[in-house]
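Please keep the sequence and the model in view while going through the numbered points.

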Amino acid sequence: MKRKVISAISLSITAYAAGAHAQSSVTLYGIVDTGIAYIHNSGGQASQWKMSAGNLSGNEWGLKGTEDLGGGLSASFQLENGFDLGSGQLQNDGRMFGRQAFVGLGSTRFGTVTLGRQYDPVTDLVQPITADSYSGLFAPPGDIDNYDDSARFNSAVKWTSPSWGGVTVETMYAFGGVAGSTGSGQSWSAAAAYSGGALSVAGGFLHVDNGNARTSARGTSSADSFFNSAVNAAYATARGIDIGRIGAQYVVGPVTAGAAYSYTRYTWDGASTFAGSQHFQNGSVFASWMATPTFQVIGGYNYTRSGGHSSATYQQVNLGVDYLLSKRTDVYATAGYQHASGDNGQGSAQAVIGSYDVNSGANSQIVAIVGLRHKF
C-alpha cells in the first residue's frame, strides 16, 4: 500500500513539473555583425580603414523567458548584453547587461508592466517604421533625436498596452534616484502607434532631466548620454532634453516607403555653458525594395537643421543592400555621404554620419562598409 501511495505521489509531482515546464520558456539568442569600413574624413584625417562591428545590428547575446501564471497573466524577463566583436570588450559603459535588463508582469487584458533598464516608448514604437530598421547609419547626425536608441534608461517602469484594433500605447517613467531631489535625473515618455494593413504610423514624446546642478553633477541622469559627437557636444550641460518624433510607412508589394520628423530641444539654466534654448529639426525619407525574397535594396535622405544658440545644416544620403545566405546569415554593403555647413556652437559644423559618431573634422564625410551578420 505504501509503495502504491508513493508511486501515485511521484507520478503527480512528475505530471505537475512537466505541465509547469510546458508553460514556461527560456531562450538564448544573439547577433554577431562585423565588417570592413572605409571612412573619408575621420578625426581630421583624410581617410581611415578599420574593422567595424555592429553595422546593421548591435552585437549582442541575451536571455529572455516567460512563465504562464494562468488566468491571462504571465511573468517575463530579459537580460541582454552588448559587446564589441573586434575586441570582445563590453559596450554600454562596461555593463554586463547594458542593452536591456528587466522583469515584468503581463496581462492579455490590461497590458504589460516591466521594471529595469529599458528602451523608451518612442524607440519601441516609432523606430521600427523608419530606416533604422535597416541600419543606424541612416540616423540623423550624431543620433541627436535617439533615432538609433543611443540612450537607454535605468530604473525605468514601463507600461505597454495590448493591441486595441491595431493601436498600441506605451508610457514610461525612469527614476533619477537623487536624494532630496525627486525630479533630478528623471525621464518620462509616452508614445502611440497604429498598424493596419499596409499603413503604419507612430508618434511620441521623451523628456530627460539632465541632472540638477545643485544636488548632483550635471549629466547625472536615468538616461545614457545623448552627447556623443561634435554635432551637439556644445549642449552637454543642458538642463533638460525634450524630443518629439513622428513617423509613418506604407507597404506596396515588395516596396516599403516611409518618412519621419523629429524636434529636439535642449533647455538651459545658470549651470549651462550656453545661453538660450537650442533645437534641432530633422526630416527623413526612405524607400526599401525587396527585389527578391533574399535581396533588399534601401535608400534614404536626412535633412537636419539647428537653431537657437547655433545655426547648422546637415544633409545626408544613404544606400544599402542586403543578401540573405540563409534565414540567419546575410552579407551586406552600405554607404553614406553627409555635408555640413554653418556653426555647431563650438565652431564650424562637422559632418557626422548617422549614429556612427565619428567626428570628421571637416564639412563632409563618407562611410562605406561591407560586412557579414549572423543571428542565433
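**Notes on the model**

1. At 11% relative accessibility, Asp 149 counts as buried (buried means under 20% relative accessible area, exposed over 50%, and partly exposed in between, with a 1.4 Å probe and protein chains only). Asp 149 sits in the loop that runs between helix 2 (121–125) and strand 7 (153–160); helices (H or I, at least four residues) and strands (E, at least two) are DSSP runs, numbered from the N terminus. Although Asp 149 is not a glycine, its phi is positive, at about 45°. Most residues other than glycine have a negative phi.

2. On the basis of these notes: this is a predicted model, in which local features need pLDDT of at least 70 and side-chain atom pairs count only at pLDDT 80 or more, while totals for chains, interfaces and linings use all residues. Residues are numbered from 1 along each chain as its sequence is written, and side-chain values use heavy atoms, with hydrogens and water left out.

3. Ser 155 also calls for attention, as a residue that is not a glycine and yet has a positive phi of about 50°. Ser 155 belongs to strand 7 and is partly exposed, its relative accessible area being 44%.

4. As to the overall form, the protein chain contains two helices and 17 strands. Its radius of gyration is 23 Å, close to the 21 Å that the globule rule gives for 376 residues, so the chain is as compact as a globular protein of that length. The radius is taken over C-alpha atoms, and the rule is 2.2 Å times the number of residues to the power 0.38. Along the principal axes, the C-alpha trace spans about 90 × 55 × 45 Å.

5. Of the 376 residues of the protein chain, 46% count as buried. Among contacts between residues at least 6 apart in sequence, 58% join residues at least 24 apart; contact means heavy atoms within 4.5 Å.

6. Where is Asn 344 found? Asn 344 lies in the loop between strand 16 (329–343) and strand 17 (364–375), and it counts as buried, at 4% relative accessibility. Its side chain reaches the backbone oxygen of Ala 230 at 3.3 Å. A polar atom of that side chain also lies 2.9 Å from the backbone nitrogen of Gln 346. Such a polar contact is a pair of N or O atoms within 3.5 Å; within protein, one must be able to donate a hydrogen and the other to accept it, and residues adjacent in sequence count only if both atoms are side-chain atoms. Leaving aside neighbours within four places in sequence, Asn 344 is in contact with several residues, including Val 231, Tyr 235, Ser 310 and Tyr 314.

7. Val 352 is likewise placed in the loop between strand 16 and strand 17. Val 352 is buried, with a relative accessible area of 0%. Beyond its neighbours within four places in sequence, the contacts of Val 352 include Pro 141, Ser 229, Val 231, Gln 338 and Gln 365. The C-alpha atoms of Val 352 and Val 26 are separated by 40 Å, the two residues being 326 residues apart along the chain.

8. Lastly, Gly 276 is located in the loop between strand 12 (255–267) and strand 13 (278–292). Gly 276 is partly exposed, with a relative accessible area of 22%.
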